[in-house]
Amino acid sequence: DPSQPRASKQRFIAGLSQCLFDFVVQLLPTVEELAVKEDVRKLLERLIRTIEPNSRLLSFGSTANGFSLRNSDMDLCCLIDSEERLSATDLVTMLSDLLERETKFHVKPLPHARIPIVKLSLDPSPALPLGIACDIGFENRLALENTRLLYCYAMIDPTRVRTLVLFLKVWCKRRKINSPYKGTLSSYGYVLLVIYFLVHVKNPPVLPNLQQMPPLRPISHGDIHIAEYNTWFFDDIELLRLRWRSANTDSIGQLLMDFFKYFSRDFSYNTGVASIRAGLLKKESKGWQNDLDPARYKDARERERNRFCIEDPFETDFNVARCVTRDGLYAIRGEFMRATRMLSTRPERASYAIAQLCE
Ligand code: CTP
Ligand code: MG
């Protein structure tokens with residue numbers, strides 16, 4: 001019966017989709033964890049206000065973008081609504097002293113980092129069995145906006161988008177290809193790859209391009225620019241959910257297999273830039289080539305910077321994958337290929353395939 005292989009493929013993909021969903025659900029943060037984190041944020045905000053009365057402490061990153069896993073760290077950003085304010089360096093030092101005195105946090109100030117931050121951690125407790133890790137930065141308004149953009153993408157099609165992103169986050173951590181410090185890609189980079197794939201590679205697309213949709217009302221330059229960067233995007237998700245429906249009905253399992261296949265062999269790593277704002281761009285058009293005459297680069301690290309190119313959605317002259325080295329990219333592509341291979345053999349049990357993928 002020639003329809004036999006097709007039926008068995010469909011059965012495998014349906015099983016895989018369900019298993020991915022179940023796998024991710026059990027890794028979501030608990031209600032208690034979210035409550036403790038919110039309490040921590042409020043406590044820290046109260047303390048910072050004793051130094052800067054007009055400040056707000058806002059969550060960004062995974063705790064605020066809809067892609068949070070159990071025990072993920074907390075990214076906090078302090079905004080100060082006044083003209084006269086302390087420098088980030090002074091704030092980091094003063095806040096660290098205060099937190100050392102007043103709280104049980106372990107405190108590590110990094111006042112002279114490129115972006116000054118305070119690193120905090122809290123020992124495990126019953127509500128937070130693995131403790132808590134938290135970074136506090138200052139005035140990082142672009143990060144707050146890109147967090148809101150990712151959140152909107154997560155909300156358009158929560159089941160498919162969140163399951164895919166969360167699975168990839170677990171997978172890349174377990175496969176050890178999620179360390180910008182060691183030459184691989186940040187979580188933020190992987191999230192952008194998934195959104196790029198769903199907006200620009202899949203046809204018909206699973207997600208609309210929120211940065212290219214016509215605005216509902218005229219917008220003024222001042223409202224949408226942070227520094228020279230245009231941060232506008234269509235953010236009325238309620239309305240979008242009423243008016244926009246994807247013609248793409250691929251299941252989660254199908255999308256995951258296609259994602260791995262695309263980044264194993266179709267994406268043009270040598271010449272291409274993945275941009276969620278504008279689709280596939282050329283490295284050349286951004287001046288991000290890495291195959292130029294070595295003499296043009298002052299040092300070899302500059303040349304290493306553009307092996308893998310992912311454009312930041314707002315800071316468009318920033319390559320989110322700039323930390324990925326030659327070896328790092330080799331490892332990442334190797335993992336995409338391994339995943340493609342494992343899924344194409346269609347193991348009998350999908351749950352086994354998922355466990356094996358993340359081994
Ligand atoms: N960010 C950024 N530019 C980068 C890296 C990160 O603007 N090159 C900001 C983004 O707002 C991102 C946040 O920092 O959402 C946190 O980045 P990251 O820790 O990589 O992502 P998370 O979603 O928080 O993942 P994890 O759960 O692994 O911490
Ligand atoms: Mg984070």
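How many residues apart in helix 13 are E335 and R338? Being three residues apart, E335 and R338 are separated by about one helical turn. The two form a salt bridge, with the closest N and O atoms 3.9 Å apart. A salt bridge here is a side-chain nitrogen of Lys or Arg within 4 Å of a carboxyl oxygen of Asp or Glu. E335 counts as buried at 11% relative accessibility, and R338 is buried at 14%. Buried means under 20% relative accessible area, exposed over 50%, and partly exposed in between (1.4 Å probe, protein chains only).

The model is predicted, so local features need pLDDT of at least 70 and side-chain atom pairs count only at pLDDT 80 or more, while totals for chains, interfaces and linings use all residues. Residues are numbered from 1 along each chain as its sequence is written, chains are lettered from A and ligands numbered from 1 in the order in which they are written, and side-chain values use heavy atoms, with hydrogens and water left out.

The domain assignment gives domain 1 (31-139) and domain 2 (157-207 + 246-357); such bounds come from an automatic or database assignment. Six residues from domain 1 and eight residues from domain 2 take part in the contact, defined as heavy atoms within 4.5 Å. The C-alpha centres of the two domains lie 30 Å apart. Domain 1 and domain 2 bury about 590 Å² between them, 71% of it on carbon and sulfur atoms. Buried area is the accessible area (1.4 Å probe) that two parts lose on being put together, summed over both. G66, F67 and L69 supply 82% of the area that domain 1 buries against domain 2, more than any other three residues. Zero salt bridges are counted between domain 1 and domain 2. Two residue pairs are in polar contact there, both at pLDDT 80 or more. A polar contact is a pair of N or O atoms within 3.5 Å; within protein, one must be able to donate a hydrogen and the other to accept it, and residues adjacent in sequence count only if both atoms are side-chain atoms.

Helix 2 lies at residues 31-49. Helices (H or I, at least four residues) and strands (E, at least two) are DSSP runs, numbered from the N terminus. The 19 residues of helix 2 should span 27 Å, and its end C-alpha atoms are 27 Å apart, which agrees. The expected span is 1.5 Å times one less than the number of residues. Buried residues of helix 2 include V36, V40, L44 and I48. Its buried residues pack against elements including strand 1 (55-60), helix 4 (88-102) and strand 5 (132-138).

The whole structure holds 17 salt bridges. K37 pairs with E33, the closest N and O atoms being 2.9 Å apart. K37 is buried at 4% relative accessible area, and E33 counts as buried at 3%. R56 and D81 meet in a further salt bridge (3.0 Å, N to O). This pair links distant parts of the chain: R56 in strand 1 and D81 in the loop between strand 2 and helix 4, 25 residues apart. R56 is partly exposed at 32%, as is D81 at 42%.

Helix 10 (residues 252-266) is mostly covered, with 12 of its 15 residues buried. Its buried residues pack against elements including helix 1 (3-25) and helix 13 (326-344).

N306 lies in the loop between helix 12 (300-304) and strand 10 (310-311). N306 counts as buried at 10% relative accessibility. Its side chain makes a polar contact with the side chain of N319 (3.3 Å).
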